Amino acid sequence: MNRLLELIRNKYILAVVAFAVWMLFFDKNDFIAQYEYRSAVNKLQEEKDFYVKEISQVKKDLNELNTNLRTAEKFAREKYFMKKDNEDVFVIVKQAPKD
């Protein structure tokens with residue numbers, strides 16, 4: 001018990017403990033802020049991965065459109081529902097089954 005009281009009364013131990021408590025809980029870069037920063041970084045990384053994948057898909061589509069006229073026609077029909085003058089286009093939308 002005396003040993004514990006001596007440690008508590010030691011000004012260097014008190015200074016280190018106070019500094020540690022301050023840095024862990026009250027500083028602007030405390031544990032909570034670090035957790036929020038990490039979660040923000042992870043979210044931004046996921047968004048970056050999504051957009052990189054989308055960019056590669058768009059580049060692939062653009063390359064196909066520039067190299068083949070039939071691909072351009074297929075793309076216009078599928079994505080923008082374009083049609084020739086003498087034909088009709090029917091769009092079929094599959095609905096999810098109701099439970």
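1. Buried means under 20% relative accessible area, exposed over 50%, and partly exposed in between, with a 1.4 Å probe and protein chains only as cover. By this scale Phe 50, at 46% relative accessibility, is partly exposed.

2. The model is predicted, so local features need pLDDT of at least 70 and side-chain atom pairs count only at pLDDT 80 or more, while totals for chains, interfaces and linings use all residues. Residues are numbered from 1 along each chain as its sequence is written, and side-chain values use heavy atoms, without hydrogens and water.

3. A nonpolar patch lies on the surface, with about 1200 Å² of accessible area together; its members include Leu 7, Ile 13, Trp 22, Phe 26 and Ile 32. Such a patch takes residues with over 30% relative accessible area and no salt bridge, and joins nonpolar side chains (Val, Leu, Ile, Met, Phe, Trp, Tyr) within 5 Å. A salt bridge is a side-chain nitrogen of Lys or Arg within 4 Å of a carboxyl oxygen of Asp or Glu. Areas follow the Shrake-Rupley method with a 1.4 Å probe.

4. Helices α2 (11-26) and α3 (31-67) each supply at least two patch residues; the largest share, nine residues, comes from α2. Helices here are DSSP runs (H or I, at least four residues), numbered from the N terminus. Ile 13 is in α2 and is partly exposed, at 38% relative accessibility.

5. There are two aromatic pairs. Trp 22 and Phe 26 form a tilted one, 5.6 Å centre to centre with 40° between the planes. Rings of Phe, Tyr and Trp (its six-membered ring) pair if their centres lie within 6.5 Å; planes under 30 degrees apart are stacked, over 60 edge-to-face, and the rest tilted. Both residues, Trp 22 and Phe 26, lie in α2, four residues apart, about one turn of the helix. Phe 50 and Tyr 51 form an edge-to-face pair, at 5.2 Å and 70°.

Note on methods:
Patch = residues over 30% accessible without salt bridge, like charges linked within 9 Å, V, L, I, M, F, W, Y side chains within 5 Å.
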